[in-house]
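Visitor: Please take a close look at one part of this model and then set it in its surroundings.

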Amino acid sequence: MELVRLFIYDIHCDLSGQRHDLDHAKPRLQLNAYQLGDPKMTQAIAKKREATRFSLYLSLTKPGIVSGNMLSAFAGYLIAARGVYDLVPFCLFTIGLAMVMGAACVFNNCFDAELDRNMVRTRNRALPKGTIEKKQAFYFGLLLLFWGAFSLCMVNRLAVSLAFF
């Protein structure tokens, strides 16, 4: 149980980018051959890799940029609604627009990967570092673009056309 707790702690640190002392400076996790053969340990390792992989793909979408742009989109939706708020179109609009903006950020990361390798500030991102291949990132961007456009299509065609311009 202690090992699983330490792995969950490591996942939290990977996602937040911070390192905190757990229970006042516990030693780093050391695994022996017996623990690596344990099915629970194998599952914990797989979950940590999935969580780390998920955070890498999420970082390609640049959540800070997307959330900042979503604030103005929320305001525009609320003004255009003129007091008649429907939850389903609002959720579809929010999800679709966030996916389309995320896809644009992923494509931007793909196009700038070579430049990012040369810059000190950006050389540790997933694409310049080689953690995620450019082809995988591009397919991820296409997937986001497709599902985002589909979601916006369910709101109306004007929403789809405005998302691409």
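Guide: A residue counts as buried when its relative accessible area is under 20%, as exposed when over 50%, and as partly exposed in between, using a 1.4 Å probe and protein chains only. By that rule Ile-132 is classed as buried because its relative accessibility is 2%. The model is predicted, so that local features need pLDDT of at least 70 and side-chain atom pairs pLDDT 80 or more, while totals for chains, interfaces and linings use all residues. Residues are numbered from 1 along each chain as its sequence is written, and side-chain values use heavy atoms, without hydrogens and water.

Ile-132 sits in the loop that joins helix H7 (126-129) to helix H8 (134-153); helices (H or I, at least four residues) and strands (E, at least two) are DSSP runs numbered from the N terminus. Leaving aside residues up to four places away in sequence, Ile-132 is in contact (heavy atoms within 4.5 Å) with Arg-53, Leu-56, Tyr-57, Leu-60, Ala-126, Leu-127 and Ala-137.

As for the whole protein, nine helices and zero strands make up its secondary structure. Of its 165 residues, 32% are buried. Where contacts join residues at least 6 apart in sequence, 62% of them link residues at least 24 apart.

H4 (residues 63-81) packs against H5 (residues 87-111) at about 145°, the axes lying 10 Å apart; axes are lines fitted to C-alpha atoms over the stretch in contact, and angles run from 0 to 180 degrees between N-to-C directions. Residues from H4 in this contact include Ile-65, Ala-73 and Tyr-77, and those from H5 include Phe-90, Phe-93 and Cys-105. The contact comprises 13 nonpolar, three polar and no charged residues (nonpolar: Ala, Val, Leu, Ile, Met, Phe, Trp, Tyr, Cys and Pro; charged: Asp, Glu, Lys and Arg; polar: the others, Gly among them).

Phe-93 also belongs to the lining of the largest pocket, where Phe-93, Leu-152, Leu-158, Ala-159 and Leu-162 lie nearest the centre among 16 lining residues. A pocket is an open set of points on a 1 Å grid over the protein atoms alone, where a 1.4 Å probe fits, with protein on both sides within 12 Å along at least five of seven lines; lining residues have an atom within 4 Å of a point. H4, H5 and H9 (157-163) each contribute at least two lining residues, and H5 gives the most, with five. The lining holds 14 nonpolar, two polar and no charged residues.
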